[in-house]
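The sequence and the model are shown below.

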Amino acid sequence: MNFKIIVTSTVLAASLFSASAQADITLRHALLGTALDMSFAKKGGNTPAFKEFMKEGKNPYNTDKEAIEHGESLYMTGCSGCHGHEAEGKIGPGLADDYWTYPAIATDKGLFEVLFGGANGMMGPQYVNFNTDEMLKIMAWLRSIYTGKPKKAKWLK
Ligand code: HEC
């Protein structure tokens, strides 16, 4: 193999690799910026909805009535103790208004990152309690009770 062939095949292999790697978004920890280790995810969450979310970072459940209802009951079990039954805030901040400690929460990707990876103090990684599909359902319910300004709702764009 001469040098030119080696270079050409290396470039080709690299571009093929990046094409497949680019198919999915990269999820990052809200505080650390490091890539989230998805191997911690609970079983059963890699549903078609989650695969779709991983393509562009948009939650397909936002418009799904059944998923939103299921999300509400999951929220009551796992989040309401700290964030309040109407997400009005308690130990943790309110989640229905448009003030966010982490502004990225205005996108579905940013919201998922805080859920999966956790943030400060009592806000631990939620992969302990919920699989990724369940997290999308909880997120969809939170979006459905949003009381903030419509123009701040980046997830709708
Ligand atoms: C043990 C208490 C506790 C539980 C359970 C908990 N949280 Fe939190 N959460 C907190 C605290 C405290 C913060 C503030 C952390 C920070 O500012 O870094 C927080 C922060 C957040 C934020 C960031 C809010 C912002 O303004 O940027 C979101 C979103 C969130 N929680 C969603 C959830 C959801 C959804 C669940 C359930 C799956 C959940 N949390 C479960 C305590 C909790």
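Which residues of helix 2 meet which residues of helix 6? From helix 2 the contact takes Ala49, Phe50 and Phe53, and from helix 6 it takes Thr132, Asp133 and Leu136. By class, this contact has four nonpolar, one polar and one charged residues. The model is a predicted one.

**Overall build**

The chain has six helices and zero strands, so that its pattern along the sequence reads α-α-α-α-α-α. It has 157 residues, of which 27% count as buried. Among contacts between residues at least 6 apart in sequence, 67% join residues at least 24 apart.

| Pair | Axis distance | Crossing angle |
|---|---|---|
| Helix 2 and helix 6 | 9 Å | about 75 degrees |
| Helix 3 and helix 6 | within 7 Å | roughly 100 degrees |

Helix 3 and helix 6 are therefore roughly perpendicular to each other, as angles of 65 to 115 degrees count as such. Their contact is made by Ala67, Ile68, His70, Gly71, Glu72, Leu74 and Tyr75 of helix 3, and by Glu134, Lys137, Ile138, Ala140, Trp141 and Ser144 of helix 6. It has seven nonpolar, three polar and three charged residues. The axes of helix 2 and helix 6 meet at an angle of about 75 degrees, which makes that pair roughly perpendicular too.

Glutamate 72 is a residue of helix 3. The C-alpha atoms of glutamate 72 and tryptophan 141 are 5.6 Å apart, although 69 residues separate the two in sequence.

In soluble globular proteins, nonpolar side chains tend to be buried together. In this chain the largest nonpolar core has 26 residues, and Leu115, Met135, Leu136, Ile138, Met139 and Ala140 have the most contacts inside it. Two or more residues of this core come from each of helix 2 (48-56), helix 3 (65-78), helix 5 and helix 6 (132-144). The largest contribution is that of helix 6, with seven residues.

Methionine 135, one of the residues with the most contacts inside the core, touches Phe112, Leu115, Phe116, Gln126 and Phe130 when residues up to four places away in sequence are left out.

**Helix 5**

Is helix 5 enclosed or exposed? Ten of its ten residues are buried, so helix 5 is largely enclosed by the rest of the structure. The buried residues are Asp108, Lys109, Gly110, Leu111, Phe112, Glu113, Val114, Leu115, Phe116 and Gly117, and they pack against helix 6. After helix 5 comes glycine 118, with a positive phi near 80 degrees.

**Surroundings of the ligand**

There are 24 residues around the ligand, and Cys79, Cys82, Gly92, Ala119 and Asn120 come nearest. Helix 4 (80-83) and helix 5 (108-117) each supply at least two residues of this shell. Its composition by class is 16 nonpolar, eight polar and no charged residues.

Most residues other than glycine have a negative phi. Alanine 87 has a positive phi of about 60 degrees although it is not a glycine. Alanine 87 lies in the loop between helix 4 and helix 5. Is alanine 87 buried or exposed? Alanine 87 has 21 other C-beta atoms within 10 Å and is therefore buried, the limit being 20 or more.

Alanine 153 is placed in the segment after helix 6. It has 14 C-beta neighbours inside 10 Å and so counts as partly exposed. Leaving out residues up to four places away in sequence, alanine 153 touches Ala106, Tyr146 and Gly148.

Technical notes. Residues numbered from 1 in each chain as written. Predicted model: local features only at pLDDT ≥ 70, side-chain atom pairs only at ≥ 80, totals over all residues. Near = placed C-beta within 6 Å. Helix = DSSP H or I, 4+ residues; strand = E, 2+ residues; numbered from the N terminus. Nonpolar A, V, L, I, M, F, W, Y, C, P; charged D, E, K, R; others polar. Buried ≥ 20, exposed ≤ 12 C-beta atoms within 10 Å, placed from the backbone. Contact = placed C-beta atoms within 7 Å. Core = buried A, V, L, I, M, F, W, Y, C linked by C-beta atoms within 7 Å. Axes fitted to C-alpha atoms, helices over the stretch in contact; angles between N-to-C directions. Parallel < 35°, antiparallel > 145°, perpendicular 65-115°, else oblique.
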